[in-house]
Structure formats: structure tokens, C-alpha cells
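I opened my notebook to get to know a new structure. Here is what I looked up, entry by entry.

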Amino acid sequence: VQARLTVKQNLRIFGGLYGVKNVDRHIDTLAELLGITGLLNTLFWTLSSGQKTRVNLAKALLNKPKIILLSLTVKFISDSLIFGGTIGMCISFASSR
């Protein structure tokens, strides 16, 4: 099912499962932080591996978890995402409760 939906539809579904309030606002914030705003209306199955990784990171951060385990060996996360401060901003987003 995930592949047949857009990125935003996927994130809304997971936001609903996680019980996230104001899910569209959280999606928009995370999309901006992760550079996926332009992908929100794109079908998930058409994304590149790197784009899917960013969407999955947004999904993981959607419910603002207390703990996030990230493997920096994920080959599809670019250096600019890691060293440009985006990961830090996402962690700050997740920790704002």
C-alpha cells in the first residue's frame, strides 16, 4: 500500500497511527528540514533510495520520539544532510514537546 500513495499520504497515515495532533503542520516542518517539501505529492514508489531514506526519517521523527537511533552508515543519507546540521535540527524538532 505504501508504494501506491504519495509521500504526504504515507506520512499522514503514520501520523494517525502514532496519534500525532496537527499532523500536517508536523509533516510540513519535517519536510522543510529534510528537504523533501517538493516530494510531498510524489508517489512513494517513484522516489530514489536517498529520497525514501529522508521520507523514512521524517516518518521516524513524526511523533517526536524521546530516543532516536541513527546509523550513520546509511549510504543514502548525504553528507550535506548529516554535516549541514539537518540531523541536529530534526533532533531538536523531536525533542520540542
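**Ground rules.** I am working with a predicted model, where local features need pLDDT of at least 70, side-chain atom pairs count only at pLDDT 80 or more, and totals for chains, interfaces and linings use all residues. Residues are numbered from 1 along each chain as its sequence is written, and side-chain values use heavy atoms, with hydrogens and water left out.

**Helix 2.** I looked up residues 23–34, which form helix 2 (helices, H or I, at least four residues, are DSSP runs numbered from the N terminus). Its twelve residues reach 16 Å from first C-alpha to last, close to the 16 Å expected at 1.5 Å a residue (1.5 Å times one less than the number of residues). After helix 2 I found Gly 35, with a positive phi near 70°.

**Its buried side.** I listed the buried residues of helix 2 as Val 23, His 26, Ile 27, Leu 30, Ala 31, Leu 33 and Leu 34 (buried is under 20% relative accessible area, exposed over 50%, partly exposed in between, with a 1.4 Å probe and protein chains only). They sit on the same side of helix 2, because they cover an arc of only 165° around the axis (taken from the directions from the helix axis to the C-beta atoms).

**Salt bridges.** I counted two (a side-chain nitrogen of Lys or Arg within 4 Å of a carboxyl oxygen of Asp or Glu). In one, Asp 28 pairs with Lys 8, with the closest N and O atoms 3.3 Å apart. Asp 28 lies in helix 2 and Lys 8 in helix 1 (residues 7–18), so the pair ties together parts 20 residues apart in sequence. Lys 8 is buried at 15% relative accessible area, while Asp 28 is partly exposed at 36%.

Note on methods
Helices (H or I, at least four residues) and strands (E, at least two) are DSSP runs, numbered from the N terminus.
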